Amino acid sequence: MDLIVFGILVGFVAITLGFAWWQNRKAVRAKQALNLAVEEFPSKVVDALRFIVQFSQQGSTIDPILSKPWHGAIDYVDVNEDGQRELLVQYPTGAHGSALRILAWQKGKFEELAGLGVGTPVGFEFGDFDGDGKVEIRTQETDWSVGLPYVNAPRCILLYRWDGTKFVEVSRKSPSA
C-alpha cells in the first residue's frame, strides 16, 4: 500500500513539475514578445506621427482644426550616440523661427531630452557634417554682427553636438568664412 501511495505522489509531483515547466516556457515566450513590442513601440509611434504630419501638411477639408497645414517634420535618429534613437520633432515658431524638440524613450515613455531654437525658418538636419564620425545637428542663424536687417543679414551655419548632458554649439561658420 505504501508503494502505491508513493507512486501516486511521485506521479503527482512529476505532473506538477511538468505543468510548472510548461507555464514557465509560456511566460518566457510572452516576456520575449512583450520586450520586442516595447522595443518596436517608439518606431511605430514615429511612423504614426510621420503619417499625421504628412496628412496635416496637406490640410483637411473635413476637420476645421486640421484645415491649416502644419509644416513640421519628424525624424527618429540617435543624436546623442547612446545606441538608442531619439524622436526629433521640428516645427516653425514665431514669425521666422524654427524649434526642435528631442525626445528620448525612457522607462516606457518619451521624455524631453533637449530642445533647440533658431530665428530662421530653415529647420534642422542631422548627420556627420564635419567628418569626425559623430552626429551633429546643423541649422542656420542670422548673423547680426554685420549690422543688417533680418531680411538682408547673412546666415551662419551652426553645428550642435551632445556633450553628455546637453547640446552645445561646436561650430559657427559665416558665409564669408
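Guide: Let's start with a word we'll need: a residue is called exposed when its relative accessible area is over 50%, buried when that value is under 20%, and partly exposed in between. Keep in mind that this is a predicted model.

First, the setting. The chain has 177 residues, and 28% of them count as buried. It holds 1 helix and 8 strands, and reading from the N terminus, the order is α-β-β-β-β-β-β-β-β. If you take contacts between residues at least 6 apart in sequence, 27% of them join residues at least 24 apart.

Now for the close look, which is at strand S3 and the sheet around it. Strands of a sheet pair through backbone hydrogen bonds, and the pairing can be parallel or antiparallel. Here, 4 strands make an open sheet in the order S1-S2-S3-S4, paired in the antiparallel way. At its edges are S1 (73–77) and S4, each of which pairs on one side only. On average, neighbouring strands in this sheet are turned by 20° against each other, direction ignored.

S3 covers residues 97–106, and Gly97 belongs to it. Is Gly97 buried or exposed? Gly97 counts as buried because its relative accessibility is 9%, and the cut-off for buried is under 20%. Leaving aside residues up to four places away in sequence, Gly97 touches Tyr91, Pro92, Val118, Gly119, Thr120 and Pro121. Another spot to look for is Gly123, which is 26 residues away from Gly97 along the chain, while their C-alpha atoms are separated by 8.2 Å.

Next, follow S3 over to its neighbour S4 (residues 109–118). The two strands run antiparallel and are joined by 9 bridges.

A pair of aromatic rings is described by two things, the distance of the centres and the angle of the planes. Searching the whole structure turns up 4 aromatic pairs. In one of them, the rings of Trp105 and Phe110 have centres 4.9 Å apart and planes at 70°, so this pair is edge-to-face. Trp105 counts as partly exposed because its relative accessibility is 23%. Phe110 has a relative accessible area of 23% and is partly exposed too.

Now back to Trp144, as promised. Trp144 forms an aromatic pair with Tyr150, and this one is tilted: the centres are 6.3 Å apart, with 35° between the planes. Tyr150 has something else at its ring as well: the charged end of Arg155 sits over it, 4.5 Å from the centre.

To finish, compare our sheet with the other one. Another 4 strands form an open, antiparallel sheet in the order S5-S6-S7-S8. S5 (125–127) and S8 (167–173) are its edge strands, each with a single partner, so one side of each has no neighbour in the sheet. Neighbouring strands here are turned by 35° against each other on average, again ignoring direction.

S7 (residues 155–162) and S8 pair in the antiparallel sense over 6 bridges. Across them, Leu158 stands opposite Arg172 in S8, and Arg161 stands opposite Val168 in S8. These two strands also make a hairpin, with 4 residues between them, and in its turn Gly164 has a positive phi of about 110°.

Note on methods:
Residues numbered from 1 in each chain as written. Predicted model: local features only at pLDDT ≥ 70, side-chain atom pairs only at ≥ 80, totals over all residues. Heavy atoms only, no water. Buried < 20%, exposed > 50% of the residue type's maximum accessible area, 1.4 Å probe, protein only. Contact = heavy atoms within 4.5 Å. Pairing = 2+ DSSP bridges. Axes fitted to C-alpha atoms, helices over the stretch in contact; angles between N-to-C directions. Phe/Tyr/Trp six-rings, centres within 6.5 Å; stacked < 30°, edge-to-face > 60°. Lys NZ or Arg CZ within 6 Å of the ring centre and 35° of its normal.
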